[in-house]
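I opened this model to look up a few things. My notes follow the order in which I checked them.

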Amino acid sequence: MEIVILPTPADVGRYAARLVEARARARPALVWGLATGSSPTAIYAELAGAVARGLDLSGVRGFALDEYVGISDTHPESYARVIRSQVVEPLGLRPENVRVPDGRAADLEQAAQDYERAIADAGGIDLQILGIGSNGHIGFNEPTSSFASRTRLKTLAPQTRADNARFFDDPADVPTHCLTQGLGTILESREAVLVAQGEAKARAVAAMVEGPVSAMCPGSVLQFHPRAVVVLDEAAASALTLTDYYRHTFANKPVWQRVPDAD
Ligand code: F6R
């Protein structure tokens, strides 16, 4: 894993946005895996600025990581709606090129299989954006998720429902289930960029990067990913032990490996 530690949450968003921009310029039909929640919002906002200055993302195809089960796609917290308002509309993606798992399907197992097929038909995900839960989940792969898992129905952990209660009027309204890309699905992305900000993520980040690979910290599966970049602010990096090494590596990164206009 490459660990990038930057001073502020805004720097994290800017760096990851420049990375997405570089990949989309190199491959206009980029297949982009999209996280929701608080962590990636600065990335999308930064990219909206780049689009306003002329970046064309209209050829990019998108796949959301996950979706709640049992809320309508017009509910303000459904990920279908969040992806529309934070990604599709401001970044000028074509709605028909962006998919979110169908959490309202009568047959959720079939919907999960269809989603896997759609990702495969698109040629696989080139660049997967990720956040991490305070319990170490990525996507909604909660602790003890199989490392071989594919898109499927999951029960949200009580910790995740409590963490996400801030988005809902009443904590009881947080859905209990979701459809999520599996850890096996995420591992097949050609590049993964995980962003984390704030002290509340520090323990999960340290377990993911430096802890043993364990289903108790699903994010630790990224230790097997061939190209994973973890972009952190100082607070999210505060429980790591090898920070001097990560900073040294970043400062001495070969020019050809750098993200244009970011470092
Ligand atoms: C969201 C997702 C989750 C979040 C994680 C962190 O699509 O898959 O893994 O990335 O729960 O959430 P925030 O960013 O809201 O702290």
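**Notebook: strands, helices, ligand**

The model is predicted, so I read every value as computed from it. E7 and strand E8 (residues 177-180) are joined by four bridges and run antiparallel.

Next I looked up the sheet these strands belong to. It is an open sheet of three strands, in the order E4-E8-E7, and the pairing is antiparallel. Strand E4 (66-68) and strand E7 (152-155) stand at the edges with a single partner strand each, so one side of each has no neighbour in the sheet. From one strand to the next, the twist averages 30°.

Which order do its seven strands take? I read E1-E10-E9-E6-E2-E3-E5, an open sheet with parallel pairing. E1 and strand E5 (98-99) are the edge strands; each has a single partner strand, so one side of each is left without a neighbour in the sheet.

I stayed with E1. Its partner here is strand E10 (residues 228-233): five bridges join the two, and they run parallel. Two opposite pairs are on my list. Glutamate 2 faces valine 229 in E10, and valine 4 faces valine 231 in E10. Strand E1 (residues 2-6) is mostly covered, with four of its five residues buried.

**Helices**

I checked the length of helix H1 (residues 9-26). It has 18 residues, which at 1.5 Å a residue should span 26 Å.

Helix H4 (residues 108-121) lies across strand E3 (61-64) and E5. I noted its angle to E3 as about 150°.

**Threonine 185**

I looked up threonine 185 in helix H6 (residues 183-187). Is it buried or exposed? Threonine 185 has a relative accessible area of 6%; the cut-off for buried is under 20%, so it counts as buried. Leaving out residues up to four places away in sequence, it touches Glu116, Ile119, Ser149, Arg150 and Thr151. With glutamate 116 there is a side-chain polar contact of 2.7 Å.

**Ligand**

Which residues come nearest to the ligand? Of the 14 around it, they are Ser39, Asp66, His137, Gly139 and Lys201. An N or O atom in the side chain of lysine 201 is 2.7 Å from an oxygen atom of the ligand. For threonine 36, a polar side-chain atom lies 2.8 Å from a ligand oxygen atom. For arginine 166, the distance from a side-chain N or O atom to an oxygen atom of the ligand is 2.9 Å.

**Positive phi**

Last, I checked backbone angles. Most residues other than glycine have a negative phi. Threonine 144 has a positive phi, near 80°. I placed threonine 144 in the loop between strand E6 (127-130) and E7. Threonine 144 is exposed, at 57% relative accessible area.

Aspartate 261 also has a positive phi, near 65°. It is in the segment after helix H8 (243-251). At 76% relative accessibility, I logged aspartate 261 as exposed.

How values were computed: Residues numbered from 1 in each chain as written. Predicted model: local features only at pLDDT ≥ 70, side-chain atom pairs only at ≥ 80, totals over all residues. Heavy atoms only, no water. Buried < 20%, exposed > 50% of the residue type's maximum accessible area, 1.4 Å probe, protein only. Polar contact = N/O pair within 3.5 Å; in protein donor to acceptor, adjacent residues only side chain to side chain. Contact = heavy atoms within 4.5 Å. Pairing = 2+ DSSP bridges. Axes fitted to C-alpha atoms, helices over the stretch in contact; angles between N-to-C directions. Expected span 1.5 Å × (residues − 1). Near = heavy atom within 4 Å.
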